Amino acid sequence: MGTLYMGADRESVSKYVLFSGDPWRVEVIKKYLNEPKKVAFMREFNTYTGTYKGVDITVTSTGIGAPSSAIAMEEMYEAGMEVALRMGTVMSMQDDMLGHFMIPLAAMRRESTSQTYVDLSYPAVADFELVNVMNETVTAMGRRYANGLNCTMDGFYSCMHDSRFSKEWGRDMSKTFEELKKLGVTGIDMESSCMMTLGRLMDVKTCVLTMVTVLENLKETLQGQERTEAEDLLCRTALEGIYNYHLKHRQEQTQ
């Protein structure tokens, strides 16, 4: 019997797991896998396992936000995950990063889910070896990256983007953006800090590879074919990064 929400088990899941927020992005990355086998598509969790350049890799989705991301981390860990890479999109505080990558070293824990595991004094920090491999991979793919500090939040329309309701209630998003810029935050998302925190607690090598698709409060966005191509590049870079990480460790073991 598979796990409760994802239907995964040790026979169907690789030690390398890619996490996509969007379930349909999984269908994009699946095209680059050899012999992808469907594990399950339950709720927001769409999961396949296949090979990329001979390396077994599982790709799954988390949906939006920290609560479902924590479930995905828990159930992939139960199924034997050893390396976790979140591949998603991010809102940038830097105007020159649209269409480029952010690979945060750490994240502010302004979501509530990770606090159900450990108090806020525990940092959300990426695995630096995995970060370095992703940096090298992005460079080889011909794009720029930033290793900054993320801030992970729970409320998209209450903290990150104006809505009819937020305007009616007089919420001023600009104050949040001004504060985060003063703190040196480079990107905002809804999953990273929770996943990095759990990765540390689980002793799972974890990092975040994100494509900048929007600037603060959606003042500028990637759209149409440009967005499609950016998401495709994200998928290819994630797979290549895991392959490079695997190759590096295999070479170290034979020395």
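These entries go from the aromatic pairs to the cores and then to a helix.

**Entry 1: aromatic pairs.** I kept in mind that this is a predicted model. I looked up ring pairs with centres within 6.5 Å. The count came to five aromatic pairs. I took Tyr 16 and Tyr 245 to begin with. Their ring centres are 6.4 Å apart and their planes stand at 90 degrees, so I logged the pair as edge-to-face. I then checked where the two residues sit. Tyr 16 is in strand β1 (residues 16-20), while Tyr 245 is in helix α8 (residues 224-254). The pair links distant parts of the chain, 229 residues apart. Tyr 16 and Tyr 245 are both buried.

**Entry 2: another pair on α8.** I turned to Tyr 52 and Tyr 243. This aromatic pair is also edge-to-face, with 6.4 Å from centre to centre and 80 degrees between the planes. Tyr 52 belongs to strand β3 (residues 45-52) and Tyr 243 to helix α8, so the pair ties together parts 191 residues apart in sequence. I found Tyr 52 and Tyr 243 buried. Tyr 243 has a charge over its ring as well: the charged end of Lys 53 sits there, 5.0 Å from the ring centre.

**Entry 3: the cores.** Nonpolar side chains tend to be buried together in soluble globular proteins. I looked for such groups here. The largest nonpolar core holds 45 residues. Leu 18, Ile 57, Leu 85, Leu 209 and Ile 242 have the most contacts inside it. Helix α8 gives the largest share of this core, nine residues. Leaving out residues up to four places away in sequence, Ile 242 touches Tyr 16, Leu 18, Ile 57, Val 83, Leu 85 and Met 134. Another core lies apart from the largest one. This other core has 20 residues, including Val 39, Met 73, Met 202 and Val 204.

**Entry 4: helix α3.** Does the length of α3 (residues 128-140) agree or disagree with its residue count? I worked from 1.5 Å a residue, so the 13 residues should span 18 Å. The end C-alpha atoms are 18 Å apart, which agrees. Next I listed the buried residues of α3: Leu 130, Val 131, Val 133, Met 134, Asn 135, Thr 137 and Val 138. I asked what covers the buried residues of α3. The cover includes β5 (83-92), β6 (101-102), β9 (145-146), β12 (205-215) and α8. Just past α3, I noted that Gly 142 takes a positive phi of about 85 degrees.

Conventions. Residues numbered from 1 in each chain as written. Predicted model: local features only at pLDDT ≥ 70, side-chain atom pairs only at ≥ 80, totals over all residues. Heavy atoms only, no water. Phe/Tyr/Trp six-rings, centres within 6.5 Å; stacked < 30°, edge-to-face > 60°. Helix = DSSP H or I, 4+ residues; strand = E, 2+ residues; numbered from the N terminus. Buried < 20%, exposed > 50% of the residue type's maximum accessible area, 1.4 Å probe, protein only. Lys NZ or Arg CZ within 6 Å of the ring centre and 35° of its normal. Core = buried A, V, L, I, M, F, W, Y, C linked by side-chain atoms within 4.5 Å. Contact = heavy atoms within 4.5 Å. Expected span 1.5 Å × (residues − 1).
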